[in-house]
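Please look over the sequence and the structure shown here before reading on.

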Amino acid sequence: MQKLIKNINYFIRKIKNNDQDVWDELEEQMILSDVNASCAQKIISDVQSEVYARKINEPEAVKTLLKQKIAALLGNHQRHRLNTSEKKPTVYLLVGVNGVGKTSTLAKLAHMLQKKEKRVLIAAADTYRAAAVEQLQAYAQRLGIDMVRHQRNSDPGAVVFDSIEKSMAKDIDFLLVDTAGRMQTSYNLMEELKKIKRVVLKKTNKVPDETLLVVDSTTGQNAIFQATTFHKALDLTGVVLTKTDGTSKGGIILSLQDELGLPVKMVTYGEKLEHIAYFDPVKYVDMLIN
Amino acid sequence: MFDFLSAKFEDLFYKIKNKGKLSPKDLDQAFREIKLALLEADVNFKVVKDLLEKIKQKAVGDRITESLTPYQQVVKIVNDEITRILGSSTAKVNLAAKPPTVIMMVGLQGTGKTSAVVKLANYLKNEKNKTVSVVAADTYRPAAVDQLKDMSEAIGVQVYWEKTKDPVQISKRGVQKFRKQGSDLVIIDTAGRLHIDKPMMQEIASIKKSVNPHQVFLVLDAMTGQEAVNIAQTFNAQVEFDGIILTKLDSDTRGGAALSVYYVVRKPIKFISTGEKISDFALFHPDRIASRILGMGDLLTLVENAEKTIDEEKAKKFEQRIRKNELNFEDFVEQIKSLKKMGSLQQVFSMLPKAGKNKMLKDINVDDSQLKPVEAIIGSMTKEERRKPHIINGSRKKRIARGSGTSVAAVNKLLKQFSNTKKMLRQFSGMDQEADFPFHKMK
């Protein structure tokens, strides 16, 4: 991230000298941050035409303009809050491909809600991966949160069914559902997720309040395919961007918002349970370009 | 895998192909498209630049614009260059002169190290006939040890684990134990770590120092973006690795990371992991992947799998039956069986050439579960019905639907599909071409 910032500052100095290559290099830097190539081109040509039209040659003004463009694309603060429902329990469903950090995100989310003195229940609906339930159980124990689990390889829909019953009986505020990682190309497993969603609808008379796609910030352009397929199947409400403490810039979120209208709602950034935060587009852009 | 790049190149070459000769402008357009396609495929920007430079030079040198077969030539140049970047020969696992060969696996969190450890163990056990043991040195992720134990026990591989938390000591004691026990190979599973996490990177360096492994493999997620290069470089600087295992290639990832990594760190990709099953693991063939990128499909692998599983006698008979238009449901069942032996339908499909502009193939959803009702329906037919599908009338359909727990509509659908398949097979084998001559060219 530091390197990118340095580079952008360098470019902005060059813009002052009206160097045409600057734009190409700026595009290169965005692409190296995993911003989609077409998306980068679009933003840059946008900024470019405005810079020329308004005869901007102050680096600070160019910088502000670029920030504004990206921030505008990512939307405002308000939209990125997590939905809650009047009727208990509020249900959050976490989905995503293998290895993006769904289970640890769920634990972090549980911890966050617990700190707000909410009653939380966890549904271990990843009945597939070896020891997935044990991993979640370890977190649940650490947090002192109840968890509903079934046998390995049992129907995840049934786990969700039971968890909702238990939530209602125990006056639970938030039910967090962990699902098995799956490649978006697996037709069967995508159908299974639809079923989980149907179970929620049937038992609570509403769809999950949040259906969040967990995306690893290290992921490249495939994130667009992931989001497109999961969104088509499940009507996602947003994205959780994980592992943002690494060197990857997660530039792919620009396309998730731009093409699919999916806002990043939360980010996670470390191994500790506290390492979760609401996503703030303005801060993100500040970090990207400053 | 790599479907996206294939699709892009196909579109591009389709345009060129229809033109015959290339103008310099076409060539520029072609390079632009190649650049975008490679970037969209997550190939590192710097690698893309370099690759394009080489391709351009060659294209000019080969006087492509004057060629009457520019399509073939551009394909060849791009193919050669991609193969060159990926390395041109299939990598092997080097075994130590004196067993056990110790292999250590490293990588970021969530790349699939633990699964790769078990898959590699299974591969070495079955393909190389070796005794393989594994050491659980991931003391960080909750239940990581349980996962390794569960998966290893399922394939009869012994696991060394401890309740202690020091991965260096665990690795040391694990290797010692299996050395005494006479294992041929020992694979160490380590915790996922960020390449910029200094204490964790020091830890992995000390594990390496203490067990002195013969091979270190970096496990890399095929969906990784531009950072793949930095990740590989940093790990290589800290614990010089010998090869890469590329995981999650069963997704629709464009897999450009594979192209970048070899190019930058000069370490070969040794294995690829292509699915949830333990057997979804194979040696990496750079030349095959390159032709796949170009939309020519991984036919070599398909043929190899087919050779392993298909009975030649049966295949001959099947072909004769197509010729004579005698295909019936018994053949159908036979075909489904041998197809299944070759792997999941999805895998088989991904190896086929994309057949140009065939939208039908592109949108097809292949999933093994879709075969189940088909098998049930055929199972509910009488022998006679299977041999002579045309005798299946309304009342027979009702009976079959009841017997298979499906519906008459489903039975109808299958019968329709069957007759279409029959037609298609005849067309593929080229026997129907005369039938619509000269009109088939106008389609």
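How much space lies in the largest cavity? The largest cavity holds about 100 Å³ of space. This is a predicted model, in which local features need pLDDT of at least 70 and side-chain atom pairs count only at pLDDT 80 or more, while totals for chains, interfaces and linings use all residues. Residues are numbered from 1 along each chain as its sequence is written, chains are lettered from A in the order in which they are written, and side-chain values use heavy atoms, with hydrogens and water left out.

**Cavities**

- The structure holds 6 cavities of 30 Å³ or more; a cavity is a set of points on a 1 Å grid over the protein atoms alone where a 1.4 Å probe fits but cannot get out, and its volume is the space filled by probe spheres set on the points.
- Lining residues have an atom within 4 Å of a point, and the largest cavity has 15 of them, with Asp216(A), Thr218(A), Thr111(B), Asp221(B) and Thr224(B) nearest its centre.
- Strand β5 (residues 215–221) of chain B gives the largest share of this lining, 4 residues.

**Helix α2 of chain B**

- The 17 residues of helix α2 (residues 24–40) of chain B should span 24 Å at 1.5 Å a residue, which agrees with the 24 Å between its end C-alpha atoms; the expected span is 1.5 Å times one less than the number of residues.
- Buried residues of α2(B) include Leu27(B), Phe31(B), Ile34(B) and Glu40(B), where buried means under 20% relative accessible area, exposed over 50% and partly exposed in between (1.4 Å probe, protein chains only).
- Asp42(B), which follows α2(B), has a positive phi near 70 degrees.

**Salt bridges**

- Over all chains there are 28 salt bridges, each a side-chain nitrogen of Lys or Arg within 4 Å of a carboxyl oxygen of Asp or Glu.
- Arg152(A) and Asp150(B) meet in a salt bridge at 3.8 Å, N to O. Arg152(A) lies in the loop between β3 (146–148) and α7 of chain A and Asp150(B) in helix α6 (residues 144–154) of chain B, so the pair joins two chains.
- Lys267(B) and Glu240(B) form a salt bridge, with their closest N and O atoms 2.9 Å apart. Lys267(B) is buried, with a relative accessible area of 14%, whereas Glu240(B) is partly exposed at 47%.
- A network of salt bridges links Asp46(A), Glu50(A), Arg54(A) and Lys69(A).

Conventions
1 Å grid on protein atoms, 1.4 Å probe; cavity = no way out; pocket = protein on both sides within 12 Å on 5 of 7 lines; lining within 4 Å.
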